[in-house]
Amino acid sequence: DVHNTRLYPFDTYLVSTSLRVSTSTSSDEEVPVTLSSLPVLREVSSFSIEAQDSLLLTGDGFPARHLELRVHRPRSAKAYAMLLFSTNWLLCHFNLAIVALYAFRTFGTDGHGSSKEGRSKGATKLLAGVLAVLLVIPQLRDAMPDAPGFDGKLTSP
């Protein structure tokens with residue numbers, strides 16, 4: 001399940017399988033069928049796939065194909081996910097800076113520099129900016145291809 005990965009977007013998956021095909025004739029005797037190859041898609045929307053196909057000879061006379069797949073994300077998907085991740089962190093630090101600046105502005109003045117109305121309008125604007133950023137962060141996370149969810153599975157042991 002790609003949504004439970006810990007190394008997103010640098011996750012890599014290895015899959016290995018063997019296939020053997022035989023048919024039954026009317027005399028209930030199995031006849032081996034040789035597979036010439038196992039075609040695999042090389043590129044899908046979120047993953048690149050490298051396949052290694054080989055022929056196996058089993059002891060019972062039935063030829064089989066062994067397929068190993070290495071599935072990883074393409075560079076473009078990694079760059080896109082890292083761009084969105086960086087934007088999320090930038091917006092998070094922007095919110096922290098707004099809170100810090102407002103705290104210094106409120107507690108750092110001696111009360112003579114600005115009126116109460118001016119401070120409340122400024123606070124309302126800052127609060128609106130913070131709320132807008134808090135609404136944008138999950139939307140950016142959802143825009144990442146196959147991103148892990150917000151359910152906290154990756155943070156708990």
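These legends accompany close-up views of a predicted model.

Local features are described only at pLDDT of at least 70 and side-chain atom pairs only at pLDDT 80 or more, while totals for chains, interfaces and linings use all residues. Residues are numbered from 1 along each chain as its sequence is written, and side-chain values use heavy atoms, with hydrogens and water left out.

**View 1. Confidence along the chain.** The mean pLDDT (the predictor's confidence in each residue, from 0 to 100) is 76 for the chain, and 69% of the residues reach at least 70. Helices (H or I, at least four residues) and strands (E, at least two) are DSSP runs, numbered from the N terminus.

**View 2. Tyrosine 13 meets phenylalanine 47.** Here is one of the two aromatic pairs in the structure. Rings of Phe, Tyr and Trp (its six-membered ring) pair if their centres lie within 6.5 Å; planes under 30 degrees apart count as stacked, over 60 as edge-to-face and the rest as tilted. With centres 6.2 Å apart and planes at 70 degrees, tyrosine 13 and phenylalanine 47 are therefore edge-to-face. Tyrosine 13 sits in strand 1 (residues 12-24) and phenylalanine 47 in the loop between strand 2 (30-33) and strand 3 (48-57), so the pair ties together parts 34 residues apart in sequence. Phenylalanine 47 is buried at 11% relative accessible area, whereas tyrosine 13 is partly exposed at 25%. Buried means under 20%, exposed over 50%, and partly exposed in between (1.4 Å probe, protein chains only).

**View 3. An aromatic pair within helix 1.** Phenylalanine 85 and tryptophan 89 are edge-to-face, 6.3 Å centre to centre and with 70 degrees between the planes. They are four residues apart in helix 1 (residues 75-107), so about one helical turn separates them. Phenylalanine 85 is partly exposed at 39%, and tryptophan 89 is partly exposed at 44%.

**View 4. The largest nonpolar core.** Nine residues make up this core, including Tyr8, Leu84, Leu91, Ile137 and Met144. A nonpolar core is a set of buried Ala, Val, Leu, Ile, Met, Phe, Trp, Tyr and Cys residues joined through side-chain atoms within 4.5 Å. Helix 1 and helix 2 (116-143) each supply at least two of its residues. Another core, of six residues, lies apart from it and has Phe47 and Leu67 among its members.

**View 5. Asparagine 95 in helix 1.** Asparagine 95 belongs to helix 1 and is buried at 8% relative accessibility. Beyond residues up to four places away in sequence, asparagine 95 touches Gly129, Val130, Val133 and Leu134; contact means heavy atoms within 4.5 Å.
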